[in-house]
Amino acid sequence: MHLQPASSDRKALAFIRSPSPILPGLLAIWLFLGLAGLGSTPPELHWAFQPIGNPMPPEVRNGAWPRTSIDRFILARIESEGQLPAPAADRRALLRRVCFDLTGLPPTPGQVETFLADPSPQAFDRIMESLLDSPAYGERWGRHWLDVVRYADTAGDTADYPIPVAWRYRNYVIDAFNHDKPYDEFLREQIAGDILAKQGPRTQYAERVTATGYLAISRRFGFDSENYHHLTIQDTIDTLGQSVLGLSLGCARCHNHKYDPVSAEEYYGLYGIFASTRYAFPGSEQKARVRALAPLDPNPELKSRWTNLEARFAALKLTPGAVLRSLEDLDGDFEIQHVASGGSNGVLVPPWIYNGPISVTTQAQSPFKNLHLFGIVGVSVPSGTHTYRMAQRIAPALTGHTTRVNLDFRVSTNTPSTRAHHRFWLGAIPESPTVEILISSDSVWMKSGEQTQRIRSLGPGLWHNLQLTMDQTNGTVWAKLASADAPARECRLSLPLRLESPPGILVLEGGDPGSETLPGLDIDNIGVQPSPLTPATLSAPPALVAGMPQTQIPELKHTLKQLEALRSESHAPAQPPPDSGATRTEAAAAADSLESRISALKADIERISAQEDLLKQDLNAQLATGPVDLAYGVTEGTPHSARLQVRGEPDNPGPEVPRGFLKVLGGGPLPAGTAGSGRLELTQWITSPQNPLTARVMVNRIWQHHFGRGLVKTPNDFGKRGDPPTHPDLLDHLATRFIQSGWSIKSLHRLILRSATYQMASSGEPDGPVRSPNPDLYASFERRRLTAEELRDSILRVSGGLDETPGRGHPFPPATSWSYSQHVPFSAVYDHSKRSVYLMTQRIQRHPFLALFDGADPNTSTPDRRTTTVPTQALFFLNSPFVHAQTQRFANRLMEGCTTPDRRIELAYHLTLARPPSEPERTEAIAFLRAYQSGLPRPGAGQPEATALAAFTRVLIGSNEFLSID
Amino acid sequence: MKSHPAYDPSRRGFLRSMAAGSILSPAFLQQLFASDTPRSPVIDPLAPKAPHFPAKAKRVIFLFMSGGVSHVDSWDPKPKLFSQAGKEIRVDEYQGRKGDFKMFLNRPNWEFQPHGQSGTEVSSLFPHMAECADDLCVIRSMQSNHTNHYEATLGIHTGSFTFARPSIGSWVSYGLGSENHNLPSFIVIAPATPYAGNQVWASDFLPGAHQGTLVVPGAEPVANIRRRTDTSHLQELELRAIRKMNRRHLANRAHDPLLDARLRSFETAFGMQAEVPELFDLSHETDATHRLYGLERGSTKGFAWQCLVARRLAERGVRFIELIDSGSSNNWDSHSDMSAHGPLARNVDRAVSGLLRDLKSRGMLEDTLVVWTTEFGRTPFNSTADHKGREHHHWVFSSWLAGAGVRPGTVYGESDPYGIQVARDPVPMHDFHATLLHLMGMDHERLTYHHTGRDYRLTDVAGNVVRGILA
């Protein structure tokens, strides 16, 4: 349930207000640009919006140079400028380049040896294929995508709540690259994986649901992030535009895009699609608890597991502070509203919206257990209230033809007789009840269409269970009403039902201005579901509780106490008759038996307590993760069109805009009768081969990561404000090949890596010809610095400290202990020796190492990494605990692996630089080790050799040669 | 290592000229550069740059009080809050919620007195700062855009209340570069993490060199600054070997400015290792100086230490120095009881006045801009007549400026008789920032950075220089 103030039900839910816009500056600039842009004539079609062509590779003079089609495009340009391409890179340089390029790790000495020993023309292909096949490939290339989609393990709200299951999406991305998942499918799954999952096959269910993490990781704002959901949707659209389409769509939020053909209507057409989508909620300062995570198994398979979990809590009489809700996420039992669960008494938090004097109290806990076994609170409307209303949209949207509704309620005992009544109603659209339940101080009625009938009279203070079955096919609604004094006795009533689509909104309200005040009402356990309801009952179903270890401890302890009392009594008159040997023996035997019973009982208590502790641990773990695996993803919400927000202000709604996709990219409004949010249709537009941007943008990114710069040097902006391509024909050629290959990213790697362009030497042999300084010519290979991840991973690799197993979740504190706020936000750095892509990344607190070496900005899409050089980086090499620990480890590795200093130096060079030392280097290294050893304050103490060797490896790791790739 | 020479104003020109190298351990550096060839030009993001127009201020000391200092208890005298305390009023917004709220005026805890020749009224909350009234330009019409700490703290630092953007310190560093290459151009001294975390001093899309370097009072104030080898000699061996490798590598690769820049960064790092600890070594500061700041000798605690270190950073040419007095908790956020302002004020009051006097006596107030501010004020009213605390209040609050280019001994702007709204000359956030940049010689509309298709500014598309503040 997401609150969309600008949506169609604005009038009905007028009290749901987002706070006033909080970005006046940004709004102002857009407004300003919008005004400036008014009256400008429609531009001729910008290159990026024209269809992708399939140009022939041009003719070149040096026909011997090209190896793949790419080379002809590159060489033609070089030749046209009267330049020459650089010679081929030497084999060691090429190997090191391709290893880092594909895996982010240096070549092993074994790889170097194999490659150098294989003179055949297939040698390069062999190493390339083995690198593409290694899991390290996905860990490097997945990271590129994670940069673009601004992946983080926290939510970005003011308290930066952790998202313990975000890692599943991260690993999904890595796996997708490793399996060469076709790029169009990759996009479809990320945008509409939850919908695709339901279409089967069952084996892909979990993976596809996980993929929607792409949308769910959208940034959250404020200390009550659901109040700023319009900003989260904006962030989704911005990132979708930048990552997939290479367009900054954000400008169109406030006005028609000044530079690119995107209108504000189209922006809100997209907005409606995401407003019709339900995002997992990570928790926030205001509402500490996680909600609406996406189960990795289909809902029907889960119901029993959720019910069992509740049964276990009920049986153990535990108070779950943070039960995750993911199944029928209405919060109809109001438990997340409880103060202990992060709620705020008297203020209903989403999914509920409300006004009027209501409170969340233990007094309103229903005794019925047919819907929820466990609970401590419900909602109370005090007697004498004039008006109130609480409501929510029903999401995920119901499908099917039968809807079941559950409501537990009671009217207060001390209520004076009044004609005013409470209305509980459901309808497809706001202010249009289909079925109404009217509750007065003494009776309950049902109303459907124009007919109203009394169901029965009410006993004051008595809890009642109402169940409705709305059968669309038969056009009938049945009501069953049971009371807590006789749950098995039901009153039934049926009325004709006219309902075209399942109910989309659920409201409880009362009072009209001027009317009498309302009777007091307690309500609890509201349920709306397609599956049948359990009949009213006050006890938990025995089948569920059976097999649960009952809490025997109190009884056992009681028995123990009695036995111990008995023992002290038998000890008290500790003088058995002196002449009665037999009695003494009997007494001794009795005492022995008592002792053994006591010790057996103690052992029992200990054992059962231990079992209970384990159980509690298990339950606590399930509180954090649920009884099923969950992903931070999205699901379908209530489909609706959004209203345009004038100047981007949610409080200033314009006309409603039909959902749809950008016309300039082949889109339009959603087809009439589209059932869901429209995300599935959106993916079809986005991945259509006719879409001029999707393929171009991705091939440009792949090119960029191979060569350090894109053919379009603004990889997130293919619009008019971006740079035009340096080689437009090559870009189209690559895009066409990409689509023809079935959107295979690995095929594109092969095409690029085999090219003479990729295999050129890097710029600047000392005595070579002066080459064009224009890197856009690709007349030589551009040297680059290792990224933050490559640097850390390489140091770990060479030291022997790299744990190459994939990472999973992070050691966040248990969810039950969370109470992060803007005063005490979540903040942690978790270290491990796995690859850096698995480091926990916070959205608003940058990881100290990744920030130091220009890692991605987890706040916003990072199209390319910067390379800054600052002295604090040098300090890291000189003094950081990490470098010192790893070089010590490296030294030990060298000591163990080789017996002589000479061999150690050689191995160190091979590991770090993929080459043997030159003679002068060898001599210098020996001299360094000697000087260092003798410079140690107490030569002979400790391990001077290893200490000197560690210093030597610091020199290698600190060298530019290690840090840069030719 | 020889310790840094004591401050001498005439040395500052020299410090400025040493951008290309280090003055430390000249013998060692000569050795490093013995066979150096003339270097190729290097793209140096911290190279000193000329301002847009001449300005007095060469650097900023930005004093940030975290949590929201009550304006009506400090810089903004409201006699009616004393005489009409308990009076019922109506407001249409309270704690971020719109509505019609019945509220009661609450009496300030501290009395006001006129101070100095200017007669600026300051409360007894800040008795020492009050004595400097003739040096201050108190702004009583500051406005923020948000009622939450996080957003308001982000806003006063970056001009943006929701999205992370470059900090004002990063913008100043970007605009003017650094005068001392052994030290970062933007240094933040904070004992605890503030609201919105390190976004407060992040460079965001500006080059990383302009990011604020965090100094946390304690054993290792700057990350990785402590040499880990047993002796300096051993580290020199390492550095010499790295230098040799890198020079050989560079020689085989013609001119590559990035390789060259990295080579030099080791030398600067080596310099920092010496300069930074020396910077925090206050043993050569006189007893009189310690007294001036209210600092106990040997202590690294409290705002007094932060202020004295700030003066030393200013002397060494650091462009933007920010001191944060507390963090995101245990701060000025006195919801339940205003008396909590007392100890927080005692932590900063004498220290700040000591800093102002010290700068003045050394002639440094001439070219240093000192800014004192907080993220918002506190409500002059509350839900009950006898409520002891005050809530967040962003409609109006108070800050002050002092030093280079600022009109001293004045008050700018005015709030209404209860201190609820601005009555005259509002200073919204972008105007505040535009004025600070102006005082540094920069036109806020020309200080731009191209990013994601547009030219970004600290002041977005707004901002007017507040002329009434200028000397």
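In the predicted model described here, strand β8 (residues 422–427) of chain A is joined by 6 bridges to strand β15 (residues 505–510) of chain A, and the two run antiparallel. Within this pair, A:W425 has A:V507 of β15(A) as its bridge partner. Strands are DSSP runs of E of at least two residues and helices are runs of H or I of at least four residues, both numbered from the N terminus, and two strands are taken to pair if DSSP finds at least two bridges between them. The model is a predicted one, in which local features need pLDDT of at least 70 and side-chain atom pairs count only at pLDDT 80 or more, whereas totals for chains, interfaces and linings use all residues. Residues are numbered from 1 along each chain as its sequence is written, while chains are lettered from A and ligands numbered from 1 in the order in which they are written.

The β8–β15 pair belongs to an open sheet of 7 strands in chain A, with the order β3-β6-β15-β8-β9-β10-β11 and antiparallel pairing. At its edges stand β3 (353–355) and β11 (451–457) of chain A, each of which pairs on one side only. From one strand to the next, the twist averages 15°; angles run from 0 to 180 degrees between N-to-C directions, and axes are lines fitted to C-alpha atoms, for helices over the stretch in contact.

Another open sheet of 7 strands in chain A has the order β4-β5-β16-β7-β12-β13-β14, again with antiparallel pairing. Its edge strands are β4 (359–361) and β14 (486–496) of chain A, each pairing on one side only, and the twist from one strand to the next averages 25°. Strand β13 (residues 476–483) of chain A is connected to β14(A) by 8 bridges, the two strands running antiparallel; in β14(A), A:P496 is the bridge partner of A:T476.

Turning to the helices of chain A, α2 (residues 69–80) packs against α19 (residues 728–740) at an angle of about 170°, with the axes 9 Å apart. This angle makes α2(A) roughly antiparallel to α19(A), a description applied to angles over 145 degrees, with those under 35 counted as roughly parallel, those of 65 to 115 as roughly perpendicular and the rest as oblique. In the contact, A:S69, A:I70 and A:F73 of α2(A) meet A:D729, A:L730 and A:H733 of α19(A); residues are in contact if their C-beta atoms, placed from the backbone, lie within 7 Å. By class, this contact has 3 nonpolar, 2 polar and 1 charged residues, where Ala, Val, Leu, Ile, Met, Phe, Trp, Tyr, Cys and Pro count as nonpolar, Asp, Glu, Lys and Arg as charged, and the others, Gly among them, as polar.

The domain assignment of chain A gives domain 1 (24–44 + 145–285 + 632–686), domain 2 (328–539) and domain 3 (877–965), the bounds coming from an automatic or database domain assignment. Between domain 1 and domain 3 of chain A, the C-alpha centres lie 51 Å apart. Chain B is divided into domain 1 (48–217 + 301–466) and domain 2 (226–287), whose C-alpha centres lie 37 Å apart. Their contact takes 8 residues from domain 1 of chain B and 8 residues from domain 2 of chain B, and the side of domain 1 that touches domain 2 comprises 4 nonpolar, 2 polar and 2 charged residues.

Also in chain B, strand β2 (residues 88–94) and strand β3 (residues 97–105) run antiparallel and are joined by 6 bridges, with B:E88 standing opposite B:F104 in β3(B). These strands form a hairpin with 2 residues between them, and B:Q95 in the turn has a positive phi of about 50°.

Between the chains, 64 residues of chain B are in contact with 62 residues of chain A. On the side of chain B that touches chain A, α5 (149–158), α7 (232–251) and α8 (257–280) of chain B each supply at least two residues, and the largest share, 12 residues, comes from α7(B). By class, that side has 24 nonpolar, 29 polar and 11 charged residues.

As to confidence, the predictor gives the complex an ipTM of 0.77 and a pTM of 0.81. Mean pLDDT, the predictor's confidence in each residue on a scale from 0 to 100, is 85 for chain A, with 87% of its residues reaching 70 or more. Chain B averages 87, and 90% of its residues score at least 70.

Key: Contact = placed C-beta atoms within 7 Å.
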